[in-house]
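Q: Could you walk me through this model before I set anything up with it? I'd like to go through the fold, the core and the side-chain pairs.

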Amino acid sequence: MIMGIFGMLACDEARGEEEMAENTGEAVKQYYKSDGLGEEFVAQVDRIFQEADHTLDSEEWKRQVTKELESRYQVDSDCVSAEIPVKEGQVLFVELDTDLEERTYSVKTWKILNEEEQREEPRIKVWDGR
């Protein structure tokens, strides 16, 4: 009888571990899928920079790139960003710093945000005494 109880406990524990492994596998799969979409976002921004008419003067080039970015993504001063769904309640937030004077960009933020973090108001910069 004791062996039967231990056998049932072992089966129950194995079932729990299998379920946890499946959930972990699905979460990893979803993350890498959204990470790939983040890579596509960066590639599309790069394509916009590359395909803009480089023979234009600096101001006209900036207007052309800004117009194209604004038609596809969220654009703030010197930043372009995208929120890519990962799973319910989570997004991959990718933000690029753009320097239109130098015609370059760089990754500023690449992180998973939970629903609460998405609703957070932008933080106010506080004077640090300098």
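What follows is a chat about the structure shown above.

Q: What kind of model is it?
A: It is a predicted model, so every value below is computed from predicted coordinates.

Q: OK, and how many helices and strands does the protein chain have?
A: The secondary structure of the protein chain comes to three helices and four strands, and from the N terminus on these elements run α-α-β-β-β-β-α.

Q: How much of the protein chain is buried?
A: Buried residues make up 23% of the 130 residues in the protein chain, while the chain exposes about 10,000 Å², with carbon and sulfur atoms supplying 52% of that area.

Q: Let's go inside. Which residues have the most contacts in the largest nonpolar core?
A: The largest nonpolar core has 18 residues, and those with the most contacts inside it are F41, V45, V65 and L69.

Q: Which element gives the most?
A: That is α1, which gives five residues to this core.

Q: What does L69 touch?
A: Not counting residues up to four places away in sequence, L69 touches V45, I48, F49, V75 and V80.

Q: Switching to S81, is that one buried or exposed?
A: S81 counts as buried because its relative accessibility is 6%, and its place is in strand β2, residues 79-87. Leaving aside neighbours within four places in sequence, S81 is in contact with F41, Y73, Q74, F93, V94 and E95.

Q: Now the rings: how many aromatic pairs are there?
A: The count comes to four aromatic pairs. One of them is formed by Y31 and Y32, an edge-to-face pair at 5.4 Å centre to centre with 75° between the planes. Y31 is partly exposed, with a relative accessible area of 29%, whereas Y32 is exposed at 54%. Another pair is that of F49 and W61, which is also edge-to-face, with 5.6 Å centre to centre and 75° between the planes.

Q: Where do F49 and W61 sit in the chain?
A: They link distant parts of the chain, F49 being in helix α1 (residues 2-51) and W61 in helix α2 (residues 58-72), twelve residues apart. Both F49 and W61 are buried.

Q: Which residues do the ring pairs link into a cluster?
A: Ring pairs link F49, W61 and Y105 into a cluster.

Q: Moving to charges, how many salt bridges does the structure hold?
A: The structure holds six salt bridges. Among them is the one in which the side chains of K29 and E26 meet, at 3.8 Å from N to O. K29 and E26 are three residues apart in helix α1, which means that about one helical turn separates them. K29 is exposed, with a relative accessible area of 55%, and E26 counts as partly exposed at 35% relative accessibility.

Q: What about E60, which residue does it form a salt bridge with?
A: E60 forms a salt bridge with R63, where the closest N and O atoms are 3.1 Å apart. These two are three residues apart in helix α2, so they too are separated by about one helical turn. E60 counts as partly exposed, at 33% relative accessibility.

Q: And where are K62 and E101?
A: K62 is in helix α2 and E101 in the loop between β3 and β4 (104-114), 39 residues apart, so that pair links distant parts of the chain. Their side chains meet in a salt bridge at 2.1 Å, N to O. K62 is buried, with a relative accessible area of 13%, whereas E101 is exposed at 52%. Salt bridges that share partners join E59, K62 and E101 into one network.

Q: Last one: which residues form the nonpolar patch on the surface?
A: The patch is formed by M1, I2, M3, I5, F6 and L9, which together have about 770 Å² of accessible area. L9 has its place in helix α1 and is exposed, with a relative accessible area of 51%.

Key:
Residues numbered from 1 in each chain as written. Predicted model: local features only at pLDDT ≥ 70, side-chain atom pairs only at ≥ 80, totals over all residues. Heavy atoms only, no water. Phe/Tyr/Trp six-rings, centres within 6.5 Å; stacked < 30°, edge-to-face > 60°. Buried < 20%, exposed > 50% of the residue type's maximum accessible area, 1.4 Å probe, protein only. Patch = residues over 30% accessible without salt bridge, like charges linked within 9 Å, V, L, I, M, F, W, Y side chains within 5 Å. Areas by Shrake-Rupley, 256 points an atom, 1.4 Å probe, with all protein chains shown as cover. Salt bridge = Lys/Arg side-chain N within 4 Å of Asp/Glu carboxyl O. Contact = heavy atoms within 4.5 Å. Core = buried A, V, L, I, M, F, W, Y, C linked by side-chain atoms within 4.5 Å.
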